[in-house]
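Hi everyone, thanks for making time this morning. Let me put the structure up, and then we'll walk through a few parts of it together.

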Amino acid sequence: MTKIAFIFPGQGSQSVGMGAEFVGNDEKSKQFYERANDVLQLPLSDYMLNGPQETLTLTYHAQPALLTTGVMIANKLMDAGVTPHYTAGHSLGEYSAFVISGVIGFEDAVKTVHERGVFMDEAVPAGQGAMAAILALDAEKLDAICQKVSAEGEVVQVANFNCPGQIVISGTKQGVDEACKRAKEAGAKRALPLVVSGPFHSSLMQKAAHNLKNTVEKLILQEPKIPVVSNVTSELLTSVESIKQEMVAQVTSSVKWEQNIEKLIAEGVTIFIECGPGKVLSGLVKKIDRNVQTYCVYDEASLTQVIEASKEWKQWV
C-alpha cells in the first residue's frame, strides 16, 4: 500500500501572494483566511495576499499566515480524496500537522501560533540573536564547536538538523559568528547567516517557552487521528500530554528534520506532499532519500498535478 505524508514548512517560507489562486477561486479556501482574520482581529489575509513582505515576515504574522495557508492547502487535497497516513512539520509547521491530524482546532491553532510568535519576538531584543546554516561539516564536530563557544560565554547551539550536510546553528550574534568562523576552520564548506528575527530553537528562547506553556496548558486537545512525528524526539506523538510537552519543548530544542523524514520512511512512507508556499522541505527530503517521491502544492497547477498522480498510486486504484 502506498503511504503518504503531508509535510508543512516553517517560518521563512512565507511570501506575498501565498495561496492567492485558491482564495480567489474557491469560497472554502477564502473562508480559512477570513477565519484567521476574525480570530486575530487583524487583516492577516491582506498581509498574505498584498504584503508588504516586511509586515508579513514579522514573526507574529508569518506564523499564523503559514499555518493558515498550509491547513487550507491540505484541506484542498483531502477534499480531492488525497489523504495522509502521517503528518510532520518543520518547527512552526508542526502546528499545521496538529490541525490536520485532529489534535487542535484551526482557530485555536491560529491564535496559539500568533501568541507563540509574539513570545518569540519578545524573548531576545532585535539584533542580539542570530542563526546560520553550516554546510558540509560533521554534526558531532559542529556540536563540539558550539559547546566550546558556549562554555566561553556566548550561547550557540545546533538548532536544525535539516538534511545530510546542512545544519543550522542558533544563539547570540557573537556566539554564532564565532562558531561560523571555527566551523569553516574545521572544514565546513560554507557558513551562511540567515535573515531571521531571533535565535530560534536555542536556550535563549527559554522565556518564550515559559510563556507559551501557560497558553498550551489551557488548550483543549485531542489524540491525533493521523500520527504526527515529533520535531524534538522524531518519535510518533500519540497522547495529548506528549503533544503539550512537544509544543513547549520545541521552542528551545533542535528540530530533527532529517531524523523525522527517516522515521517516516521507516514507517513505509514513499510519497511526501509539501503543503504551503515554496519547495524547501521537498528539497530537503530528496537530499535525505532520493528514492521517495516528493510533491509541492502551492497553486492550482501543482494541486492538479498531485490529484492526477494520485490516480496511479496503488491506494487509489
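Predicted model: local features only at pLDDT ≥ 70, side-chain atom pairs only at ≥ 80, totals over all residues.

**A walk through the model**

If strand pairing is new to you, the strands of a sheet pair through backbone hydrogen bonds, either parallel or antiparallel.

Now zoom out a bit.

Okay, on to cysteines. How many disulfides does the structure hold? The count is 0. Take Cys-146: its sulfur is 8.8 Å from the closest cysteine sulfur, which belongs to Cys-180, and that's too far for a bond. For a disulfide, the two sulfurs would have to be within 2.5 Å. Cys-296 is in no disulfide either, as the nearest cysteine sulfur, in Cys-275, is 9.7 Å away. As for where they sit, Cys-146 is buried at a relative accessible area of 1%, and Cys-296 is buried at 13%.

Next, a helix with two faces. In α13, residues 280–288, the buried residues are Leu-281, Ser-282, Leu-284, Val-285 and Ile-288. Why do they end up on the same side of α13? Because they cover an arc of only 160° around the axis. A handy thing to remember here is that an α-helix has 3.6 residues a turn, so residues three or four places apart point the same way. On the face turned away from the buried side, α13 carries the exposed residues Val-280 and Lys-287. And what do the buried residues of α13 pack against? Their partners are β1 (3–8), β4, β5, α12 (257–266), β9 (269–275) and β10 (293–297).

Now for the aromatic rings. There are 3 aromatic pairs in the structure, and I'll show you two of them. Phe-32 and Phe-106 have ring centres 5.2 Å apart and planes at 90°, so this pair is edge-to-face. Phe-32 is in helix α2 (residues 27–40) and Phe-106 is in helix α7 (residues 106–123), so the pair ties together parts that are 74 residues apart in sequence. Both Phe-32 and Phe-106 are buried.

The pair of Tyr-95 and Phe-98 is also edge-to-face, at 6.0 Å centre to centre with 80° between the planes. Here both residues belong to helix α6 (residues 93–100), 3 residues apart, or about one turn of the helix. Tyr-95 counts as buried at 0% relative accessibility, and for Phe-98 the value is 0% as well, so Phe-98 counts as buried.

Last stop: Met-48, in helix α3, residues 44–50. Buried or exposed? Met-48 is buried, with a relative accessible area of 1%. Leaving out residues up to four places away in sequence, its contacts include Ser-15, Met-18, Tyr-33, Leu-56 and Thr-69.

Notes. Residues numbered from 1 in each chain as written. Heavy atoms only, no water. Helix = DSSP H or I, 4+ residues; strand = E, 2+ residues; numbered from the N terminus. Buried < 20%, exposed > 50% of the residue type's maximum accessible area, 1.4 Å probe, protein only. Contact = heavy atoms within 4.5 Å. Arc of directions from axis to C-beta. Phe/Tyr/Trp six-rings, centres within 6.5 Å; stacked < 30°, edge-to-face > 60°.
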